[in-house]
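Subject: the model, plus some notes

Hi,

Here is the structure for you to open.

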Amino acid sequence: MSIKTFIVRNGINIKYKDYGKMVNLSIDSENKKIEFEVLLKGEKESVSIIIDKYEIIKKNDDKFIKFNKISVSREWVDVLLENVVVPKLAPGKLIKINSLYACILDLLI
């Protein structure tokens, strides 16, 4: 595992530990694609998530990750993400990056 994936995976696992654990992470900077697997609490099998065509955007002093599409290996989660989560938490398909993580991402992606 590269240091890049180790840092990102551990940061995400700390922030979202109440929901589960990221078990796999792949960042393809050249093709702007992030793939990861999470094992949600109470589940026996992991869920695969793909963030396609991402870019890091700076607005004023804030940084965001913008994505073209997020897809999930479980159909109901994919529908929930597309219809509820993205419109509510990522309007315009932008996710604000915590300033601490933004500095790290600049070095890694």
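N68 is partly exposed, with a relative accessible area of 43% (buried is under 20%, exposed over 50%, and partly exposed in between, with a 1.4 Å probe and only protein chains considered; the areas are Shrake-Rupley values, and for residues only the protein chains shown count as cover). Bear in mind that this is a predicted model: local features need pLDDT of at least 70 and side-chain atom pairs pLDDT 80 or more, while totals for chains, interfaces and linings use all residues. Numbering runs from 1 along each chain as its sequence is written, and side-chain values use heavy atoms, without hydrogens or water.

Back to N68: you'll find it in the loop between β5 and β6 (helices are DSSP runs of H or I with at least four residues, strands are E runs of at least two, both numbered from the N terminus). Leaving aside residues up to four places away in sequence, N68 touches D52, K53 and K93, where contact means heavy atoms within 4.5 Å. N68 and K53 are 15 residues apart in sequence, yet their C-alpha atoms are 5.3 Å apart.

Next, the salt bridges (a side-chain nitrogen of Lys or Arg within 4 Å of a carboxyl oxygen of Asp or Glu). How many does a search of the whole structure find? The search turns up 2. One joins the side chains of D62 and K96, at 3.6 Å from N to O. D62 sits in strand β5 (62-66) and K96 in strand β7 (94-97), so this pair ties together parts 34 residues apart in sequence. D62 is partly exposed at 31%, whereas K96 is exposed at 53%. E82 also forms a salt bridge, with K69, and the closest N and O atoms there are 3.9 Å apart. E82 is partly exposed at 39%, and K69 is partly exposed at 39%.

Now the inside. The largest nonpolar core has 20 residues, and L25, I34, F36, I49 and I51 touch the most other members (such a core is a set of buried Ala, Val, Leu, Ile, Met, Phe, Trp, Tyr and Cys residues joined through side-chain atoms within 4.5 Å). At least two residues of this core come from each of β1, β2 (33-40), β3 (47-52), β6 (69-72) and α2 (75-89). Not counting residues up to four places away, I34 has contacts that include L25, I49, I51, Y54 and I65.

As for the strands, β1 and β2 are antiparallel partners over 8 bridges (a pair needs at least two DSSP bridges). S26 stands opposite E35 of β2. Their hairpin has 4 residues between the strands, and K32 takes a positive phi near 55 degrees. β2 and β3 are antiparallel as well, over 6 bridges, with F36 partnered by I49 in β3. In this second hairpin there are 6 residues between the strands, and G42 takes a positive phi near 85 degrees.

Last, a look at the surface: I12, Y16, Y19 and L40 form a nonpolar patch with about 380 Å² of accessible area together. Patch residues have over 30% relative accessible area and no salt bridge; like charges are joined within 9 Å, and nonpolar side chains (Val, Leu, Ile, Met, Phe, Trp, Tyr) within 5 Å. Y19, in the loop between α1 (3-15) and β1 (20-28), is exposed at 57%.

Cheers

Conventions
Accessible areas come from the Shrake-Rupley method with a 1.4 Å probe; for residues, only the protein chains shown count as cover.
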